[in-house]
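Subject: Structure handover

Hello,

The structure you asked about is below. My notes on the interface follow it.

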Number of protein chains: 2
Amino acid sequence: MDVRKVECQTLVIGAGTAGIEAYKSAVKDGLDCVIVDSGPLGTTAQRSGELPVSLLMSAGQSLHAIENLEDCGITFPSKVQADTSNVMVSLRAVRARATSEVLSFMYRIPENKRIRGKAKFIDSHTVVVDDCIEISFNTAVIATGSSPLVTYEQSRLKNILTTNEFFELEKLPKSVAVFGSSKIGLELGQALAYLGVDVAVFGQRKLWALTDDSILTVAHQMLSSRFNLYIDTFITSMEDEDDNGYAIYYIDDRGYENYLHMQSVVAATDRIPNVGGMNLQNIGVKLDRTGCINVDPETLQTTVDNIFAAGDVCHAEHLSSIAMAEGRDAGLNAATFPNLTKRRSQVRVDIVFTDPVLAIAGKTLNEMRDYARVTGDTFITTEVRLSQGHYRGLRADGGILSIYTSVKNHKILGAELCAFKGDKIAQLLALAMENELTVDTLAQYYFFNLSAETVITQAAKEAVKRLNKK
Amino acid sequence: MDVRKVECQTLVIGAGTAGIEAYKSAVKDGLDCVIVDSGPLGTTAQRSGELPVSLLMSAGQSLHAIENLEDCGITFPSKVQADTSNVMVSLRAVRARATSEVLSFMYRIPENKRIRGKAKFIDSHTVVVDDCIEISFNTAVIATGSSPLVTYEQSRLKNILTTNEFFELEKLPKSVAVFGSSKIGLELGQALAYLGVDVAVFGQRKLWALTDDSILTVAHQMLSSRFNLYIDTFITSMEDEDDNGYAIYYIDDRGYENYLHMQSVVAATDRIPNVGGMNLQNIGVKLDRTGCINVDPETLQTTVDNIFAAGDVCHAEHLSSIAMAEGRDAGLNAATFPNLTKRRSQVRVDIVFTDPVLAIAGKTLNEMRDYARVTGDTFITTEVRLSQGHYRGLRADGGILSIYTSVKNHKILGAELCAFKGDKIAQLLALAMENELTVDTLAQYYFFNLSAETVITQAAKEAVKRLNKK
């Protein structure tokens with residue numbers, strides 16, 4: 001077969017969130033770049049991640065708002081019956097507008113600079129795309145993203161869905177079993193329950209990435225009141241029931257075997273990095289034991305000097321904001337190689353948009369324990385329960401915020417929370433941590449009256465009180 | 001009449017938001033304090049301000065959510081009819097829980113330290129309460145708050161409502177004319193419209209405290225699509241129609257006299273400080289030309305050395321967060337007088353919870369012009385239009401953010417905005433300003449994907465681009 005040869009300065013593999021940013025920042029100074037992508041266009045976040053699940057959730061929350069109306073003194077003489085049959089179609093229409101932005105970005109790249117296909121490394125300066133195009137490059141950025149994991153047991157079931165397929169369904173299923181208390185598992189469970197779907201989420205006691213037992217306990221209670229959340233439940237077997245859905249056998253709380261019939265099953269346990277078929281290990285690009293590409297966090301350099309990586313392919317934090325920042329920095333370093341700019345990573349903020357929201361800002365409690373062990377610093381945990389009075393509207397009650405404060409310098413280093421409007425609280429805390437604010441400063445800070453953020457002041461005040469006693 | 005005599009170190013006049021904080025901070029070190037209050041217990045914010053209007057708004061938004069459902073692909077086979085007859089009763093039930101906290105705070109104060117009645121100054125160390133109790137004090141904090149202004153024309157109408165009376169109505173009126181595009185005027189108009197009340201808000205081109213023409217233009221457009229907003233409309237006359245509501249005659253856009261019939265009229269133009277009957281000027285406490293008590297902003301000292309003031313009584317910013325901070329600081333200085341602690345006031349954030357939200361963080365555009373004139377620094381204005389893609393849920397579209405950046409040091413000094421979820425944006429910007437972040441720093445900052453806060457990064461990037469061109 002005739003192999004076409006292409007040369008470029010920097011090659012970007014993958015046109016998702018990280019790849020697009022890498023390409024943008026690499027071409028900025030007129031560098032000759034090529035971008036290769038194999039999948040359907042549109043980023044994971046847009047096609048099967050944050051975007052569609054947020055659309056599903058906003059539909060669910062609007063519908064659920066009707067149930068809250070009674071608390072506000074609003075009633076309906078006749079029962080409100082909603083027809084949700086167009087939810088998925090409507091969701092895809094909005095999604096199409098977002099993916100079209102990526103498409104139009106790609107189409108603005110000269111045709112000979114964007115190549116469709118799967119790239120395989122020959123050596124550290126050459127890839128072959130689908131055995132027919134050979135690209136030689138000076139530097140490369142790998143940004144191939146991640147894919148949903150389907151376990152062996154799940155893969156034996158016919159038509160099991162991942163988030164890739166779920167958002168392509170014609171209509172909402174009547175009933176769904178979601179496997180995995182990952183971010184997307186919990187968000188799907190919550191949104192579908194609000195939309196009137198019969199949902200069961202099978203997950204672990206350690207919901208998502210939370211590590212603080214107090215937060216986990218509140219999260220279990222509050223989420224369980226909104227959808228069926230099965231924790232550490234032993235599944236004895238799962239069976240196809242032909243066109244009739246799935247039978248799920250499990251051991252219930254009392255030790256009896258029990259049975260659920262569900263129309264659909266969604267695998268949402270985890271995502272795995274897309275590293276297969278690239279021949280990475282043969283050219284010296286090392287992976288960690290979970291299959292992620294090893295990178296120097298300060299430069300995003302892989303174990304091969306001129307090859308960089310960014311986004312989901314190099315860690316388990318599936319966050320567009322992180323993928324974007326990494327893409328930008330990896331693209332920059334690939335363009336200026338061998339001169340590298342060290343990056344200072346931003347304080348993490350990660351959010352699960354359930355109702356209430358789960359969130360982490362800075363370090364988790366487990367990470368704080370590691371930090372304490374390594375540095376010798378001690379820290380205090382301050383818990384604040386959220387009750388009526390923290391919020392505008394006030395009817396949404398409950399929740400908890402824990403902040404972790406260094407005893408040495410009084411700075412807040414981490415927080416976990418489960419709270420309505422917790423996204424605001426988490427983003428504000430992250431900015432406060434980024435600026436290394438102490439609890440003493442935050443205890444004096446006044447937020448707008450009745451806003452959720454006021455709980456930060458309250459937590460800071462508690463922390464100051466305890467630190468002063470020490 | 002027998003006059004009872006009471007002595008104390010610090011006297012606090014007014015048990016609202018500012019007064020309670022002043023009392024708390026003054027008694028902290030065991031100081032002998034007395035608090036006097038004349039009104040019904042409960043702060044203005046709780047009785048007729050932020051709390052009830054936020055409850056009304058949350059009811060309105062939940063009801064309005066039904067109308068958005070069609071965009072999400074959710075329809076109703078039969079028309080949804082809501083019965084809102086219990087909205088006001090339900091609102092007062094929640095409010096009662098909040099005011100009960102103030103009550104229980106007051107009841108924990110020893111009975112001889114809390115006195116009911118109106119205080120009148122005899123000299124700078126003595127007040128008489130309702131002519132029957134004479135209190136001598138070393139220092140005092142005046143925190144008597146503010147009351148709704150009713151204009152002369154309005155006062156001639158029978159049963160005209162202020163926010164004091166509105167929330168005591170048995171039921172929502174069928175139709176309401178709100179006079180004033182103040183914060184509470186706009187919030188009431190928005191909430192009532194969402195609740196199906198026929199609303200007309202008569203206001204000024206300069207809505208609320210906004211000064212930026214671009215923001216005002218967007219705000220007019222977006223709010224007008226939600227409720228009837230009459231701008232700078234000339235009212236020719238208003239008449240009682242006995243038990244039948246009010247007739248409002250006005251000149252419409254085409255210059256014709258037109259007529260509206262409304263069941264209720266709410267006066268929401270402004271609030272005036274409660275300074276009457278205290279004999280302030282005779283003892284040397286000076287007022288400014290709007291009737292507010294003159295205080296040194298750094299110490300909250302009035303023109304009489306041992307008398308301090310805090311909250312609505314000394315300025316036109318009717319914000320609980322400011323009243324709280326001032327109450328705390330005035331109480332502290334009153335307790336330690338003549339040793340005074342200078343306060344550093346926090347970056348302002350003020351929010352109108354309409355849909356979309358209006359907000360100011362730091363300086364307004366007008367204040368920036370004053371700043372530029374005084375300091376000789378120049379500044380640039382960066383406008384960002386919010387379109388789909390900034391938000392989770394994505395269906396809420398439109399809005400605008402303007403940030404004002406110093407050319408000298410690249411710090412953001414102010415912002416005005418009109419945006420969905422603008423409250424988050426404003427509070428985050430205020431914290432960023434408090435920490436004196438530059439646009440260069442914020443342009444590099446990544447917020448959580450699809451969150452409203454991402455517009456801050458976008459505005460900062462625009463600002464950096466323009467500053468670098470200069």
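Buried area here is the accessible area, taken with a 1.4 Å probe, that two parts lose on being put together, summed over both. Please keep in mind that this is a predicted model.

By that definition, the area buried between chain B and chain A is about 6200 Å². Carbon and sulfur atoms give 59% of this area. In terms of contacts, 71 residues of chain B touch 71 residues of chain A.

Symmetry: chain B is superposed on chain A by a rotation of 180° with 0.0 Å of shift along the axis, at an RMSD of 0.0 Å. The two copies are therefore related as by a two-fold rotation axis. The same surface serves both of them, in that 100% of the contact residues of chain B recur in chain A.

In one of them, A:Lys424 pairs with B:Asp423, and the closest N and O atoms are 3.0 Å apart.

Which elements give two or more residues to the side of chain B that touches chain A? In chain B they are helices H3 (50-68), H4 (87-108), H7 (183-194), H10 (320-336) and H12 (422-434), together with strand S17 (349-352). H3(B) gives the most, with eleven residues. By class, this side of chain B has 36 nonpolar, 20 polar and 15 charged residues.

Regards

Technical notes:
Residues are numbered from 1 along each chain as its sequence is written. Chains are lettered from A and ligands numbered from 1 in the order in which they are written. This is a predicted model: local features need pLDDT of at least 70, side-chain atom pairs count only at pLDDT 80 or more; totals for chains, interfaces and linings use all residues. Side-chain values use heavy atoms; hydrogens and water are left out. Contact means heavy atoms within 4.5 Å. A salt bridge is a side-chain nitrogen of Lys or Arg within 4 Å of a carboxyl oxygen of Asp or Glu. Helices (H or I, at least four residues) and strands (E, at least two) are DSSP runs, numbered from the N terminus. Ala, Val, Leu, Ile, Met, Phe, Trp, Tyr, Cys and Pro count as nonpolar, Asp, Glu, Lys and Arg as charged, and the others, Gly among them, as polar. Copies are superposed by least squares on the C-alpha atoms of residues with pLDDT of at least 70 in both.
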